[in-house]
Amino acid sequence: MAVVEMRKLTVIGLNIGRTPFVHELMHLGVVEINSQEGIVNDEEWMPDIFRTSNSADVSRLEADIARVGTAIEAINRYDTSKKPLFQVREELIRNDFIDHMDRTKTETERNVDTADLSYRQIADGQNEINRLKGIITGLKPWESLDLPLQMKETECSAVILGTVSSKIRFEDLLQKVLEKVPSAVVQQVNADVQQLYISVICLKEEREMVQEALREFAFNPITFGDHKGTAREAIKQFEFEIEENQQVILASEKSLADLATAKKNIEYLYDSLSMRRDRAKIVGDMLSTEMVFYFDGWMPKNAQPEVEELLRKFEFYYEFNEPEAEEEIPVCLNNDGFSTPFEAVTNMYSLPSRQDIDPTKFLAPFYFIFFGMMLSDAAYGIIMAAGCWILLKKYKLEGMTHRMIKMFFYCGISTFFWGVLFGGWFGDFFTVAAKTLFGADFVIKPVWFDPMAEPMKLLIFSLILGGVHLFVGMGIQAYMSIRNGRPLDALFDIGLWYVLLIGLVLFGLGGSVGPAMVSVGKGMSIIGAVGILLTGGRNKKGIFGKITGGLGSLYGITGYLSDVLSYSRLLALGLATGVVAKVINTLGSLAGGGVKGAIVLLIAFVLGTIFNIAINALGAFVHSCRLQYVEFFGKFYTGGGRPFAPFERKTKYIKILKEEKYNG
């Protein structure tokens, strides 16, 4: 019902006009081009038909996009200017964008090179600093050793450096070495919690005997590679190199910070390259011969006049066709007014299949009501609605983000409405504050009733509302059956359930209205149950199959009962908001009156309000979705539709407008 009607498009054109046509088609942004993979592999097609290979161009553009993206990321990291809460695309007229790119492209590419070089210098410098710090850490224990690190031996003597476990007593090691080599000079250079650092100087011919003695203590020899001078001298040199690298990093960071003024042009270049990449991909998806190209795809029916005008301009052959019966059609939702923001809820679940109807218009009012009932605090509703309104006014949000913020704006209004009905204003904050700080009795009375005082009243109302919700879903299924030429399915599978369920309600609760209602309910229940029993197995074979099918259908009443009980969560979450708020307010009042009490109450109020809104708004969002997805959609909705993906400008930083938007 709010799904855009689609038409299939087939186009054959001359290759000479393909490039400008692809530019105009992207600018139009209303045609989805199908992959031609299946046709290429079809043996019935002539062998001289092929796909244009643009893989090299696409790969090159992908690399350029990655490089420009890295430059933007690097500049953002060192840009000290204030960042907006939401990334919003800047609007530009098409010709202005083209002129701007022509003027600034060369300079912008130089800035990208500079940013890329600076970013690599920072990364390389930091890696080198980390490496040098690691070396210094390894040299620190040997700092007191006066021997040059490169010295392994002299003409007559050998130098052995290494470590042993700190659990070993140095005296034991010294004794063992001197027992075998009395002339050796053994020194403990340093020690830490893990190991002892040992140096041994001995005659060359005694080296093996020293090593044999050390081997008993699991001695781990150490060499220092190309390090020159003493450990102290090497550390000093490495610290100097670290300082040099830090200066390079600081200069590179300053260079990136200075490029913040050129970031906008770099973002323009990023989007320009993205559009070129997308055009190259699309051309690669088209079929071609030496002279002509071919593609097919989908477009909204209401876009046919402008697409036809473009095709006539280039004098291409084209056809518009109705979809075939079993053909998969891309789905595009087109709601308006109040229900549009609630497309976000539908999209999070799944788009409608070809057999479905768009459920958005039906779920929108129920979602609006459920969310407000679950949060149900007038002050919270004002905060939510005001915050969303400010975001919508301050930022030109698009897509899913815009829909979600607009939906929460409406949900804030619903929360305010139900909060007024139930008497929730920051829970009972004003009552507690008046009593604690001023000793006065002040109560904001609910317009309808207080759920915490009369929870059963809210429970009954929630179950009634849930029943209405389920009945609407069943009614949609009945409509779909009639639309598809199965009126008896609507009568037997939906109508009889209406009779049975309404009858059971009247039989159980009708006595409060009048005795006659009980009798009417009893009769409706019997008629509905017998009807379901007789018709539930009508599609089964044999008497036994029909009987078991009818019994199975009648057993479905347990499912309806559990579905209705699911709506008790409206009561549970509605009470949770008020209970949490009251607990917070009570805790804040424990410090009593006076200045101290006022400060404690205010702090508890602010922190508690933030927590309560966050946790219970999340709960209201999740459980409102659940009631739609499980209980409501379960009655009629299949989903699984493929989203419509037109060939258009998928830009990240700019939004290119048609010139006529600014005319008139």
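Which residues lie nearest the centre of the largest pocket, and how many residues line that pocket? I began my notebook with this, and I found 33 lining residues, of which Gly29, Arg89, Glu398, Pro646 and Glu648 lie nearest the centre.

**Ground rules.** I noted that this is a predicted model, in which local features need pLDDT of at least 70 and side-chain atom pairs count only at pLDDT 80 or more, while totals for chains, interfaces and linings use all residues. Residues are numbered from 1 along each chain as its sequence is written, and side-chain values use heavy atoms, with hydrogens and water left out.

**Entry on pockets.** I wrote down how the search works: on a 1 Å grid over the protein atoms alone, a pocket is an open set of points with protein on both sides within 12 Å along at least five of seven lines, a cavity is a set of points where a 1.4 Å probe fits but cannot get out, and lining residues have an atom within 4 Å of a point. Grid points are joined across faces, edges and corners, and a volume is the space filled by probe spheres set on the points.

The largest pocket has a volume of about 1400 Å³. Its lining takes at least two residues from each of α1 (18-28), α10 (343-349), α13 (399-422) and β12 (654-657); these labels are DSSP runs numbered from the N terminus, helices being H or I of at least four residues and strands E of at least two. By class I found 15 nonpolar, 7 polar and 11 charged residues in this lining, where Ala, Val, Leu, Ile, Met, Phe, Trp, Tyr, Cys and Pro count as nonpolar, Asp, Glu, Lys and Arg as charged, and the others, Gly among them, as polar.

I then turned to the second largest pocket, with a volume of about 750 Å³. Of the 23 residues that line the second largest pocket, Leu463, Gly467, Leu501, Val505 and Val564 are the closest to its centre. Helices α15 (455-483), α16 (487-509) and α19 (557-566) each supply at least two residues of this lining, which holds 19 nonpolar, 4 polar and no charged residues.

**Entry on cavities.** How many cavities of 30 Å³ or more does a search of the whole structure find? I recorded 2. The largest cavity holds about 40 Å³ of space, and its lining consists of Tyr380, Phe426, Ala581, Ile584, Asn585, Phe605, Gly608 and Thr609. Two or more of these residues come from each of α20 (569-588) and α21 (594-632). The second largest cavity, of about 30 Å³, is lined by Leu145, Leu147, Pro148, Leu149, Met151, Val159 and Leu161, and by class these are 7 nonpolar, no polar and no charged residues.

**Entry on one lining residue, and another like it.** I looked again at Phe426, which lies in the loop between α13 and α14 (429-438) and has a phi near 55 degrees, a positive value in a residue other than glycine. Most residues other than glycine have a negative phi. At 15% relative accessibility Phe426 counts as buried, a word that means under 20% relative accessible area with a 1.4 Å probe and protein chains only. Ser376, in the loop between α11 (360-375) and α12 (378-394), also has a positive phi, near 45 degrees, and Ser376 is buried at 10%.

**Entry on a sheet.** In what order do the strands of the open sheet of 4 stand? I read β6-β7-β5-β8, with antiparallel pairing, and two strands pair if DSSP finds at least two bridges between them. Strands β6 (185-191) and β8 (220-221) stand at the edges with a single partner each, so one side of each is left without a neighbour in the sheet. Helix α5 (residues 170-180) packs on the sheet, touching β5, β6 and β7 (195-203), and its direction makes about 160 degrees with that of β6; contact means heavy atoms within 4.5 Å, and the angle, on a scale from 0 to 180 degrees, is taken between N-to-C directions of axes fitted to C-alpha atoms, for helices over the stretch in contact.

β5 pairs with β7 over 9 bridges, with Ala158 opposite Cys202, while 2 bridges join β5 to β8, where Thr163 stands opposite Asn220.

Note on methods:
Buried < 20%, exposed > 50% of the residue type's maximum accessible area, 1.4 Å probe, protein only.
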